[in-house]
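Q: Could you walk me through this one, starting with the strands and then the rings?

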Amino acid sequence: QVRLVESGGGLVQAGGSLRLSCAASGRTFSMYTMGWFRQAPGKEREFVAALNWSFGSTDYADSVKGRFTISGDIAKNTVYLQMNSLKPEDTAVYYCAARRGYTGTYVYTGQHEYDYWGQGTQVTVSS
């Protein structure tokens, strides 16, 4: 069984930064694709960023490109989401997700393509 635990959320002013962490246990995560998704109040959960750990390829939602960076530390089985230049519209619960396996350098962005989910961490950006 895979367990994902997010941390690092909180309250920050617009323009500020936060780094989310997702600690994973139970498998060798170099064989996985790791993703971050978010859900704002009253909205559908949406893709934010993902990392194909085996090839190092990444993908981002257009709304966060140039501001957010996903990275991973294999030795710690941890994936990070560095969020800079935060905006009030980034306010949401952020979820870490893991998908078994990968297909070349392809990066999965659909939430239905992920097998395991964390409990989420709240990010609130004040204006």
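**Sheet, hairpin and rings**

A: Since this is a predicted model, what follows describes computed geometry: four strands form an open sheet in the order 1-3-8-7, with antiparallel pairing.

Q: Which strands stand at the edges of that sheet?

A: Strand 1 (3-7) and strand 7 (68-73) do, and because each has a single partner strand, one side of each is left without a neighbour in the sheet.

Q: And how are neighbouring strands turned against each other?

A: On average, and with direction ignored, neighbouring strands of this sheet are turned by 15°.

Q: Switching to the hairpin, how many residues lie between strand 5 and strand 6?

A: There are four residues between strand 5 and strand 6 in that hairpin, and Gly56 in the turn has a positive phi of about 80°. The two strands, residues 46-52 and residues 57-60, pair in the antiparallel sense over four bridges.

Q: What stands opposite Thr58 there?

A: Leu51 stands opposite Thr58, the latter belonging to strand 6.

Q: Now the rings: how many aromatic pairs does the count come to?

A: With ring centres required to lie within 6.5 Å, the count comes to five aromatic pairs. One of them joins Phe37 and Phe47 edge-to-face, at 5.7 Å centre to centre and with 70° between the planes. That pair links distant parts of the chain, with Phe37 in strand 4 (residues 32-39) and Phe47 in strand 5, 10 residues apart.

Q: Is Phe37 buried or exposed, and why?

A: Phe37 counts as buried because its relative accessibility is 1%, which falls under the 20% cut-off.

Q: What about Phe47, buried or exposed?

A: Phe47 is buried as well, with a relative accessible area of 15%.

Q: Which residues do the ring pairs link into a cluster?

A: The cluster linked by ring pairs consists of Phe37, Phe47, Tyr114 and Trp117.

Q: Last topic, charges over rings: where does Arg45 lie?

A: Arg45 lies over the face of Trp117, a member of the ring cluster, at 3.9 Å from the ring centre. Arg45 also lies over the face of Tyr95, where the distance from the ring centre is 5.1 Å.

Conventions:
Residues are numbered from 1 along each chain as its sequence is written. This is a predicted model: local features need pLDDT of at least 70, side-chain atom pairs count only at pLDDT 80 or more; totals for chains, interfaces and linings use all residues. Side-chain values use heavy atoms; hydrogens and water are left out. Two strands pair if DSSP finds at least two bridges between them. Axes are lines fitted to C-alpha atoms, for helices over the stretch in contact, and angles run from 0 to 180 degrees between N-to-C directions. Rings of Phe, Tyr and Trp (its six-membered ring) pair if their centres lie within 6.5 Å; planes under 30 degrees apart count as stacked, over 60 as edge-to-face and the rest as tilted. Buried means under 20% relative accessible area, exposed over 50%, partly exposed in between (1.4 Å probe, protein chains only). A charge sits over a ring if NZ of Lys or CZ of Arg is within 6 Å of the ring centre and within 35 degrees of the ring normal.
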